[in-house]
Amino acid sequence: MTTLRIRNAIKQYPNGAQAVKGVSVDVEDGELVVFVGPSGCGKSTLLRMVAGLEEVTDGEIELNGRVVNNLEPADRNIAMVFQNYALYPHMSVRKNLAYGLKNRGTPSDEIDRKVEEAGALLQISEFLDRKPSQLSGGQRQRVAMGRAIVRNPAIFLFDEPLSNLDAKLRNQMRLEIKKLQRRLDTAAIYVTHDQVEAMTLADRIVVLNNGMVEQIGTPTEVYSRPATTFVASFIGAPPMNLIPGELSKGQLHIGAHSMPMNSAHAGPVTFGFRPERAHMNGAASGLAVEIGVIEELGAHRLIHGRVGDHEVTVAQDAELPPPDGRMMLAFNEQDTHLFDPDTGARV
Amino acid sequence: MAVTEIDSSAETSGTTKAASADNRPRRKTKIFDHVVLWLGVLLMMGPIIVAFTTSTFDHVTIHREGMQFGWGGEFVETYKNVLYQEGGFTGEVTGLLMTQNSLILGLGFAIGKIVVSMLAAYAIVYFRFPLATFSFWVIFTTLLLPLEVRILPSYEVVQQLGMLNTYSGLIIPLIASATGTFFFRQFFKSVPNELMEAARIDGAGPVQFFWDILVPLSKTMMAAIFIIMFVVGWNQYLWPTLMTTEEGYFTLVRGIRNIMQQMIGADIPEYNEALAMAMLAMLPPALVIIIFQRMFIKGLVEQEK
Amino acid sequence: MEKAQFTSPWLPYLLLAPQMIIIAIFFLWPAAEAIRASFFLEDPFFGTATFVGLQNYSDAFAASDYQRTAWFTFVFVVLVSLISLGIGMMLAVSADRVLRGKGSYKTLLMWVYAIAPPVAGLIGVMLFDQHIGPLVEFVAYFGWDLQVGVDYWDTGFAMIVVATWKQVPYCFIFFLSGLQSIPTSVKEASAIDCRSETRRFWTITFPLLAPTTFFLLILNITYAMFETFGMIDQIVKDQPGNSPVTLVYKVFRDGFRGNDIGGSSAQSVILMILVLALTVAQFRLIERRIHYT
């Protein structure tokens with residue numbers, strides 16, 4: 001069944017600016033959907049519309065079969081984890097967890113039981129009587145999740161919950177969030193600008209740009225068949241290389257080089273390939289790259305160079321000898337991408 | 001990098017180490033700084049100390065020999081007189097009664113101001129309503145006109161309302177100024193918005209949010225502003241002078257004026273009692289800001305922002 | 001950032017009510033009354049009032065007494081503001097530099113703030129008293145026959161000294177907190193770049209203190225104009241004679257002692273305009289600061 005349906009949601013501010021320009025997304029039961037996009041793309045606004053913290057200008061938000069557009073956040077059966085945790089600084093962890101239940105008139109023995117349960121689940125039982133200021137960043141993060149869990153909501157809303165943590169802790173917490181969400185089997189929306197987080201966490205990714213959906217799909221789909229040049233350059237690190245070319249009669253021409261391409265399309269195109277999906281075959285033929293800087297990353301190295309006026313990056317296994325001066329690239333056809341240079345859409 | 005390290009080590013150990021050539025100028029500025037500070041302390045404290053020592057002498061000695069720098073031995077006598085002796089024209093007012101009135105004014109003013117301005121600031125910061133901007137500007141205009149400027153018509157208004165010689169007439173008009181409202185407005189704006197959103201998701205309404213979250217969060221701010229407002233209220237002079245003609249309502253600071261007037265006509269003025277009264281009037285606010293120094297400074301400096 | 005989130009048809013008005021009622025009764029009404037009265041000539045014996053237009057204003061400006069008071073107020077305000085600013089800054093810079101006894105210095109230097117202006121005035125009166133005042137004795141060594149209450153500028157001198165004394169702690173507190181908010185890294189960088197401590201102060205520290213200085217300047221002006229009332233009242237002792245007073249004191253005296261309600265109101269309105277100008281200056285300053293940070 002579908003937990004959440006967002007139907008053509010629009011958010012327009014009084015000054016006329018549109019933050020969300022007609023977005024439709026479904027979140028199935030137990031599914032973790034990640035909204036990803038650059039800052040200002042409307043992902044947080046969309047999440048806040050689901051939470052009821054932003055008014056919905058137009059469209060429908062339907063939670064468990066009930067339109068919730070005009071419900072107060074507290075009446076929507078949602079729980080939210082904020083970027084800066086938003087823990088009540090003057091309350092102990094226990095009171096932080098209990099506050100939402102207390103406001104709903106939950107009997108106090110039930111509150112105690114749920115708080116203890118959540119505490120055990122998140123391994124924060126020993127901190128229950130401390131104040132948030134006495135906890136580390138990771139512990140605060142757990143408390144913030146605990147506050148969401150005790151409520152047994154229909155859906156969890158995560159608003160960039162890991163961005164205040166250092167890199168190591170972030171990786172660790174990312175894994176824990178995923179485990180926890182699987183275990184509770186509750187639907188969740190997770191907002192982030194970090195494509196690595198999006199790829200690793202999501203059942204499905206919603207790539208947003210400029211208030212509109214660029215692509216919805218599983219991480220694999222989004223990675224291997226990006227719908228637009230925006231998605232191509234946003235997902236994957238380093239991003240996909242994009243160079244202009246010309247297609248005619250099944251041949252792609254880039255500068256002096258040409259290669260066969262199984263496409264009926266003709267005219268100018270944007271040619272894309274992933275840095276890690278290019279072969280350096282040492283042969284004299286191929287796409288010629290003038291090599292600039294080489295970065296050693298341990299397991300592999302990044303070779304930065306130019307094709308004509310365009311910067312490209314190629315990843316190479318570190319065990320192979322580094323190239324020098326100039327290299328020739330060849331591609332498997334399933335690893336190449338063609339986009340319309342005007343609309344950016346996949347051809 | 002290396003330079004900073006040398007510098008900071010010189011800073012911490014420079015005074016104990018034997019003075020090397022490099023250390024000498026540093027040391028000189030340090031002595032200079034202490035000299036400046038000592039002169040400053042002398043300037044600030046000197047008048048108070050002389051006033052206090054003089055108040056321990058009897059008024060004849062003071063009249064004959066001028067202000068005194070030693071211990072006069074009349075301390076108990078003088079201060080007992082000031083505190084307990086009934087004075088004034090009606091012979092009803094004692095120092096103790098005036099202290100009590102000062103406390104009522106200081107506490108009433110501080111508490112009243114905090115309550116009124118917190119509520120108003122909460123409405124302005126956390127609510128969307130049609131008259132919000134208008135209300136803000138009305139409150140803002142009160143910053144433009146200190147009470148001293150509109151003293152005459154204010155007096156007439158209070159007179160017409162029959163509030164002369166009442167505590168409420170003494171306190172409420174002083175609350176009209178918006179400094180407190182702006183202070184709390186600034187503070188509320190600095191409270192992360194997510195806290196309110198989290199509370200809304202947790203099912204807290206506006207009243208609950210205010211009481212459960214915002215008030216506990218504002219404790220330090222409330223304490224800081226309380227200290228400042230208590231001092232400001234205690235030190236009020238012009239308004240109490242006009243408002244209270246009945247001596248039963250005199251505050252200590254207001255009482256200074258009467259002491260002064262009695263001194264003018266006297267052959268040998270009661271210098272000692274006047275100074276003792278001044279000491280009494282400055283003691284509570286001084287104690288409050290010394291004890292709560294950190295909070296007092298915080299409150300004072302936060303107002304700037 | 002826009003924060004308004006709760007919507008309720010009546011709650012915000014209820015919350016604002018106490019403040020608004022107090023403002024309406026004790027602020028707006030009297031202020032309007034002052035403006036109205038400034039255009040009328042009131043007869044204290046018959047309680048009648050005649051509309052006289054701007055006559056109260058032109059009378060005020062024309063009176064030599066008013067001009068003299070305005071001049072004294074100007075001198076008083078400028079000197080008190082600048083001297084307390086200077087001393088406060090000097091003490092703060094020293095207090096910020098010393099390592100030992102910082103806390104004690106701070107406490108000893110700041111607590112005079114707690115003294116009410118009239119109390120400061122009373123102590124000033126004693127210190128400057130013809131018979132018992134040690135300060136009079138002190139300046140007599142230098143051949144100055146200081147006569148507070150008799151000589152116009154001698155009395156003014158005493159007022160300036162007492163008012164400055166009372167304001168120094170305030171400046172000191174603000175400057176010290178301003179100095180302490182300068183990041184250590186900036187201080188360290190300047191220590192690497194510049195050897196002379198004096199030069200460092202004028203090229204780095206002083207400019208960084210500029211916002212605090214402007215803010216204090218405005219506050220000092222407001223203080224000198226209005227809050228010194230109690231102190232002046234003590235020194236003048238209700239017997240004006242040949243004593244200088246400030247404009248605010250004159251409003252009070254003409255209104256309550258002289259029963260010249262129209263004239264006093266006109267003077268009030270002139271002061272209102274002055275305060276308005278000060279506030280505008282203050283806000284432009286704050287605006288500018290927001291631009292920079």
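What share of the contacts in chain A with a separation of 6 or more comes from residues 24 or more positions apart? The figure is 63%. This is a predicted model.

**Chain A overall**
- Chain A holds 8 helices and 20 strands.
- The C-alpha trace of chain A spans about 75 × 45 × 35 Å along its principal axes.
- Chain A has 347 residues, and buried residues make up 40% of them.

**Helix α1 of chain A**
- Helix α1 of chain A covers residues 43-51.
- The rest of the structure largely encloses this helix, because 9 of its 9 residues are buried.
- The buried residues run from Lys43(A), Ser44(A) and Thr45(A) through Leu46(A), Leu47(A) and Arg48(A) to Met49(A), Val50(A) and Ala51(A).

**Contacts between chains**
- There are 2 pairs of chains in contact, and chains B and C share the most contacts.
- Chain B puts 82 residues into its contact with chain C, and chain C puts in 82 residues.
- On the side of chain B that touches chain C, helix α2 (residues 24-55) of chain B gives the most, with 13 residues.
- That side of chain B has 57 nonpolar residues, 15 polar residues and 10 charged residues.
- Chain A and chain C are joined by no contact. Their closest C-alpha atoms lie 8 Å apart.

Technical notes:
Residues numbered from 1 in each chain as written. Chains lettered and ligands numbered in written order. Predicted model: local features only at pLDDT ≥ 70, side-chain atom pairs only at ≥ 80, totals over all residues. Contact = placed C-beta atoms within 7 Å. Helix = DSSP H or I, 4+ residues; strand = E, 2+ residues; numbered from the N terminus. Nonpolar A, V, L, I, M, F, W, Y, C, P; charged D, E, K, R; others polar. Buried ≥ 20, exposed ≤ 12 C-beta atoms within 10 Å, placed from the backbone.
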